[in-house]
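Me: I've got a model to go through with you. Can we take it piece by piece?
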Amino acid sequence: MIRVVVTDCGSTTTKALMFERDDTGWHFRTRGEAPTTVEQPVADVTVGVRNAFTELEELSSCHFFSRELNPPIETPAKTSRGTDLYLSTSSAGGGLQMMVAGLVGKMTTESAERAALGAGAIVIDSISADDGRSDHERIERIRALKPDIFLLCGGVDGGAVAQVIEAAELLLAAAPRPRFGDSLSLPIIFAGNTLAATEVQRVLAPMGSVTIVDNVRPELERENLAPAREAIHDFFLSHVMSHSPGYRTLMGWTSTPIMPTPLAVGIMVDHFAKRRNIEAIAVDIGGATTDVFSSCINPRNERILTRTVSANLGMSYSIGNVLLEAGIEAIARWLPFVADLDDLKNRIRNKMIRPTTIPQTHDDLWLEQAVCREALRLSFTHHRSLALSVNADDKAKEIGDAFNQGSNDQLISLIRIEAIVGSGGVLSHAPDRAQAALMMIDGFEVEGITQLFVDSVFMLPHLGIFSSVEPAGATQILERDCLIHLGYCIAPIFSCKLPPGTPLGTIIVDSGEGQAFTASEFSVIPLRGETHTLLIEPKGQVDVGAGPGIPLRRQIIGGGCGLIIDCRGRPIRFPPDTESRARRQLQIMNALKIAPDSQEDD
Amino acid sequence: MGQAYSGGASVLLNTAIKRRRDLPIPGVISVRVGDCVESDTIIGSASISGEGVLVRIAEEIGLPSEEAMNTITVRIGDPVRKGDILARHRAFLGLFRAEVPTPVDGTIELISGVTGTIMVRCPPIEVQKKAFLEGTISEVQDGIGVTISSICTLVQGVFGVGGERSGKLVVLEQGGLLSSLPLREDLAGAVIVSRGSPSLEGLLDGAKRGIAGWVAGSVEDRVIESYAKRRFGVAITGDEPVPFTFFVTEGFGSIPMSDQAFFALKQHEGQGASISGITQVRAGAIRPEAIISLGKALSIAEPTEEINLEEHSLGLAVGRSVRLIRHPFFGQVGRVHELPHHPRIIATGASARVVVVELAQTPHFTSECSGPLFVEVPRANVELLG
């Protein structure tokens, strides 16, 4: 028997998971959790880790800590004591917070953002020569934010130098201090025009040393993000982690370096999509941030993993931002009851100030799930704006084109997305799995045929770092214990001019009788267990994924939620008045049997 | 297991506390161990590097960067005053003349021949740190900060706006929604206390009277946003330009202040209170608070029972007082009756570890039951009363 314990130190909670290998392979055993303690007044991440271990000990009857040992975690594992490996990921304390700067917002600055996001960072602001702000405004902004790392980019290799130096001068003028360690200098990475590197170093010399890496955008049409990402990861460990409260101690406990949580999740999402050879999306909706990942194929048939983080959209600390960005009316439209909007706002605010509380009435649960839909919608919109096919066009692109990147360059086509994986407390711990399915359908407005999964107990980050030492074991647990297959959603695309009730096509399951589907319908075909053959015959211009009016045949596996037929149109259309909207939401919940008085199908 | 859940807002009576007061960046500490300090005593100061102002000389004069270097009249390290000439250019036998003055006082820090730019660094900004609470300096960390020991009553809140202020405590008996506006006229400089949820008119009237602070049980979201003229995406506050500091002890909506907090404040009516609205809700990081020092300076040699707020608040155990912090019991208080070990299914269908609480019967929360009322709620939805 081999035992591994993995913790993820999130912004709200620290989750400890125990994996074991026996004669049948690797299994997830149990989990414990406790509030994260990286910030004041405790200001020591190891306190939260120990508390999570304590819960793990209570639930597993294994003992891990020993006061006599240094580090205090017992190794190797024995029957009911110790662990062979202890690993950890972290996004606590706000995660890895970066600022990036480039010359052209739609080119080098976006490449810089993608480099930072792909390394697991949160981009707290992006500065561009063309962002419309004055020097003074940019300096003020840089001074006001306290990034952990600054990534300076700009210019293709051999291109303009002066503007790149101007960006360095802005940074010098602002002289920002790092978030942790007042006596430390801010880590600066330069990944721009190689001709400007020496001058950038000279200009920024008063701020300390500048790490020079290869240009993130050496040519207009080519990105080279890996060197910048590696430099970010090195700084994450050497500067950010080691100076965050308690992390130096925690680093002494772990068997491998601590990994940023989003990086770990990204590893597993890409692995999942590659194994199935599909295009997929995953979302991790946390308390402070919402991370969206997509693994999609560009027109050159290259698989591209894109990760974005919406740093201010989340379900607890940042729930107030969802309220501000979406508006209370947008949140309330998902509720199956008519509510006083001021009361809803107060409830959302109370969650903001008491982030670890959980809903204990249905109304409260539905409100949080309504907020979740809006957080998903907003963060996915953000993700699509950054998930672009940089190498999509064979023709050399003029600078003017780069300013006008349109929808043609978007990497994600929802109708090609075959699977969505939801993770994070509100999805993973939804009391009914169908609630998680509905939140994802509504939040992403899925199109065509989409398979829906949730991460059973939020273990993608744990598996991501575990895969760095035992990839086969991580895959086994991913398939056996992590991903819960919820079911499929069929969302046909059709003209918004079609009135409710218009026939859109027929669905035939396993050569049975055809079932018609009509505009505005939301229904469920129960499909349990085994594999089924699905034939969908859309009418006229209706598209279910093969093209307008083209039939689609697919092998699918039944799931707990069955086959969800969502003909509400895209974007989803709502009845005009609040009472009708509430009734409509209740009908949808009844179709999924998630309203409190829904009757179970015999 | 109880330790897995964090504590709530503390209410401590006549308690010795130690409070760290750190400078924002290293600087000079101006007090010594044993010094007695008032809330407005300066304990130290630090200088924060001034902003750099970029003057694009080449652009201003209309010359290429390299040529613009020949027009520069200052050197790196030169001190300059606003209006001093940084660059002067004469052309056409002196007929055309251009001068570029510095827009600020400061020191020349950068002259770039690549971009034709001069950077003037503004003078450092001096920041002073006040003691905030009355007490005795019990520890000095040179250049960094001090620890102040004080015997006081401490009432923490959950959300506030505005920074650190002080004033005499005045309790508004009417509480509720302050229907009897306007407020009394003798409230200038006071920190007022009301049990209920003030209206916007009430808050604006408080501003008109010149009060220093207000502690209430709760507030409506729309009221606090209108008062602070700010929309709150996250609970990180304290720098709002509000006329007085305001905080709530319970939350948003119309929840009355707990008896514990109200009577703790009421017993000190007329005494000076230090109040802060600074809130940072991340792992319970910074809470708004009111501190009433009890006047007797604490001798550092004197053994005292000093409270570590974190240790004090941790530990959910049978018999401990708790506040319920989630709808439908929001704001009610009671005692822990039972801590079932295994998770249970709650009303939403979720599985959660729960606590059984015997609710206290208070005039604000009436119950039709005559005997003790027990409720089972998720452990995450209770807060320990300190």
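Me: Is A:Ser520 buried, exposed or partly exposed, and why?
Reply: A:Ser520 counts as partly exposed, because it has 16 C-beta neighbours inside 10 Å. The cut-offs: buried is 20 or more other C-beta atoms within 10 Å of the residue's own, exposed is 12 or fewer, and partly exposed is in between, with C-beta atoms placed from the backbone.

Me: Before we go on, what kind of model is this?
Reply: This is a predicted model, where local features need pLDDT of at least 70, side-chain atom pairs count only at pLDDT 80 or more, and totals for chains, interfaces and linings use all residues. Residues are numbered from 1 along each chain as its sequence is written, while chains are lettered from A and ligands numbered from 1 in the order in which they are written.

Me: Back to that serine. What is the phi of A:Ser520?
Reply: Positive, about 85°, although A:Ser520 is not a glycine. A:Ser520 lies in the loop between strand S18 (515-518) and strand S19 (522-525) of chain A. Helices (H or I, at least four residues) and strands (E, at least two) are DSSP runs, numbered from the N terminus.

Me: Which residue other than glycine has phi near 65°?
Reply: A:Asn301. A:Asn301 is in the loop between strand S12 (290-297) and strand S13 (303-310) of chain A.

Me: Buried or exposed, that A:Asn301?
Reply: Exposed, because A:Asn301 has 6 C-beta neighbours inside 10 Å.

Me: Zooming out. How many helices and strands are in chain A?
Reply: 18 helices and 22 strands. The radius of gyration of chain A is 25 Å, close to the 25 Å from the globule rule for 602 residues, so chain A is as compact as a globular protein of that length. That radius is taken over C-alpha atoms, and the rule is 2.2 Å times the number of residues to the power 0.38.

Me: What does the C-alpha trace of chain A span?
Reply: About 75 × 65 × 50 Å along its principal axes. Of the 602 residues of chain A, 56% count as buried.

Me: Now the interface. How many residues of chain A are in contact with chain B?
Reply: 56 residues of chain A are in contact with 52 of chain B. Contact here means C-beta atoms, placed from the backbone, within 7 Å.

Me: Which element of chain A gives the most to that side?
Reply: H11(A), with eight residues. The side of chain A that touches chain B divides into 23 nonpolar, 17 polar and 16 charged residues. Nonpolar is Ala, Val, Leu, Ile, Met, Phe, Trp, Tyr, Cys and Pro; charged is Asp, Glu, Lys and Arg; the others, Gly among them, are polar.

Me: And chain B, what domains does the assignment give?
Reply: Domain 1 (2-46 + 129-293), domain 2 (52-121) and domain 3 (316-384). The bounds come from an automatic or database domain assignment. Over C-alpha atoms, 70 Å separate the centres of domain 2 and domain 3 of chain B.

Me: Last one: how many residues apart in sequence are B:Phe92 and B:Glu376?
Reply: 284 in sequence, and 90 Å in space, C-alpha to C-alpha. B:Phe92 is exposed, with 7 other C-beta atoms within 10 Å.

Key:
Two residues are in contact if their C-beta atoms, placed from the backbone, lie within 7 Å.
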